[in-house]
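User: I am new to reading structures. Can you show me how to read pockets and sheets?

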Amino acid sequence: MKGIPMQTGVLRVLRATAAAWWRHKELRRTGQTGQAQRLERETVLRDLGYLKQVALLPGAHVICGEGGTFIHLGWTTVSTLAPIERFPLAALAVARGTPFIDIRPVTDVIAFAHLPRVARDGSVDPDFSGPGRSVQLTTYIDMVEELGAKIANDPRPRQST
């Protein structure tokens with residue numbers, strides 16, 4: 001796939017994840033190996049597409065909280081109820097340099113709920129107040145970090161002190 005260097009480790013993780021899914025295991029158990037393999041290939045290709053989008057979209061990021069892990073891709077969100085440690089696709093995205101926001105340490109959930117969303121296309125909303133407001137990813141990270149979130153793969157420019 002163009003834009004993503006095909007690393008054996010990435011493909012190995014995606015294939016293992018697809019093969020471990022309960023539906024694919026059940027198909028294999030009932031002798032429907034061909035259908036299981038087809039669905040696993042589709043899953044791997046879909047996940048490779050997500051990794052490509054994560055690498056290309058300006059506001060793409062991974063966020064993990066008590067409610068699960070989410071890969072935000074602008075208009076699309078890929079999620080699971082599990083922590084990032086149990087979501088291999090998100091872990092791969094973070095390992096490849098995608099900004100990661102860990103909101104599990106945030107205790108003020110009301111303040112967090114009132115934060116604006118990240119702009120879908122990387123553009124700035126000129127008036128980011130009121131319902132539906134949006135800000136750039138770096139501005140969002142500034143806001144959520146003040147609430148206690150931990151940031152990995154920080155996209156903000158380094159400031160010398």
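This is a predicted model: local features need pLDDT of at least 70, side-chain atom pairs count only at pLDDT 80 or more; totals for chains, interfaces and linings use all residues.

User: In what order do the strands of the open sheet run?

Analyst: Strands of a sheet pair through backbone hydrogen bonds, either parallel or antiparallel. Here 5 strands form an open sheet in the order 3-2-1-4-7, with mixed pairing. Strands are DSSP runs of E, at least two residues, and helices are runs of H or I, at least four, both numbered from the N terminus. Two strands pair if DSSP finds at least two bridges between them. Strand 3 (76–80) and strand 7 (150–152) are the edge strands, each pairing on one side only.

User: How many bridges join strand 4 to strand 7?

Analyst: There are 3, and the two strands run antiparallel. F100 has A152 in strand 7 as its bridge partner.

User: Which residues lie closest to the centre of the largest pocket?

Analyst: Rolling a probe the size of a water molecule over the atoms shows where empty space is left. A pocket is an open set of points on a 1 Å grid over the protein atoms alone, where a 1.4 Å probe fits, with protein on both sides within 12 Å along at least five of seven lines; lining residues have an atom within 4 Å of a point. Of the 24 lining residues, H61, I63, H72, F112 and Y140 are closest to the centre.

Methods:
Residues are numbered from 1 along each chain as its sequence is written. Side-chain values use heavy atoms; hydrogens and water are left out.
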